[in-house]
Amino acid sequence: AEAAAGRETAEEVRKRLFHLFESEFGRPLSPLEYEMIIGWLEQDQFSESLILAALKEAVFAGKVHFRYIDRILLEWRRHRITTPEEAKAYSERFRGS
């Protein structure tokens, strides 16, 4: 187990994301929602940190639902945003603060 210490498996990242989403949503996720998160990670290749930044953004906007988070991620992709820092700067510009 020593060798794997620094490197997390995709499974561990996934489980952590599921857990964080469930605690933000205050309920268990549906099978479809699990699939969406897996899709963001595997098909879309979004980083865990970017997905969490989108979740935070949704919580901040008071719109804690998957469609909204998906739209945020797609919007960021269109603007070539790949890190939470870039996302934050973009959101601040977007909100005009």
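Q: Let us call a residue buried under 20% relative accessible area, exposed over 50% and partly exposed in between (1.4 Å probe, protein chains only). Which residues are exposed on the other side of H1?
A: This is a predicted model, in which local features need pLDDT of at least 70 and side-chain atom pairs count only at pLDDT 80 or more, while totals for chains, interfaces and linings use all residues. Residues are numbered from 1 along each chain as its sequence is written, and side-chain values use heavy atoms, without hydrogens or water. The buried residues of H1 are Val-13, Arg-14, Leu-17, Phe-18, Phe-21 and Phe-25, and they line one face because, down the axis, they fall within an arc of 135 degrees (taken from the directions from the helix axis to the C-beta atoms). On the other side, the exposed residues are Lys-15, His-19 and Ser-23.

Q: How far does H1 reach from its first C-alpha to its last?
A: Helices here are DSSP runs of H or I with at least four residues, and strands are E runs of at least two, numbered from the N terminus. H1 covers residues 10-25, which is 16 residues. The expected span is 1.5 Å times one less than the number of residues, and the 22 Å expected for H1 is close to its actual reach of 22 Å.

Q: Which helices do the buried residues of H1 pack against?
A: Contact means heavy atoms within 4.5 Å. Taken together, the buried residues of H1 pack against H2 (31-42), H3 and H4.

Q: Is Arg-14 buried or exposed?
A: Its relative accessible area is 18%. The limit for burial lies at 20%, so Arg-14 is buried.

Q: Which residues does Glu-48 touch, beyond those up to four places away in sequence?
A: Glu-48 is found in helix H3. Glu-48 is buried, with a relative accessible area of 18%. Not counting residues up to four places away, the contacts of Glu-48 are Val-13, Arg-16, Leu-17 and Leu-41.

Q: How far apart are the C-alpha atoms of Thr-9 and Asp-70?
A: Thr-9 sits in the segment before H1, where it counts as partly exposed at 40% relative accessibility. Thr-9 and Asp-70 are 61 residues apart along the chain, and their C-alpha atoms are separated by 24 Å.

Q: Which helices do the buried residues of H2 pack against?
A: H2 has 12 residues, and its end C-alpha atoms are 16 Å apart, in agreement with the span of 16 Å it should have. Its buried residues are Glu-33, Ile-37, Ile-38, Gly-39, Trp-40 and Leu-41. They pack against H1, H3 and H4.

Q: Which exposed residues are carried by the face of H4 turned away from its buried side?
A: In H4, the buried residues are Phe-66, Tyr-68, Ile-69, Ile-72, Leu-73 and Trp-76. They cover an arc of only 165 degrees around the axis, which puts them on the same side of H4. That buried set packs against H1, H2, H3 and H5. The face turned away carries Arg-67, Arg-71 and Arg-78.

Q: Which helix gives the most to the lining of the largest pocket?
A: On a 1 Å grid over the protein atoms alone, a cavity is a set of points where a 1.4 Å probe fits but cannot get out, and a pocket is an open set with protein on both sides within 12 Å along at least five of seven lines; lining residues have an atom within 4 Å of a point. The largest pocket is lined by 14 residues, of which Glu-57, Tyr-68, Ile-72, Glu-75 and Phe-94 lie nearest its centre. The elements giving two or more residues to this lining are H3 (48-61), H4 (66-78) and H5 (84-95). With seven residues, the one that gives the most is H4.

Q: What is the volume of the second largest pocket?
A: The second largest pocket is lined by 13 residues, and Ala-53, Lys-56, Glu-57, Pro-84 and Lys-88 lie nearest its centre. H3 and H5 each supply at least two residues of this lining. A volume is the space filled by probe spheres set on grid points, which are joined across faces, edges and corners. For the second largest pocket, the volume is about 240 Å³.
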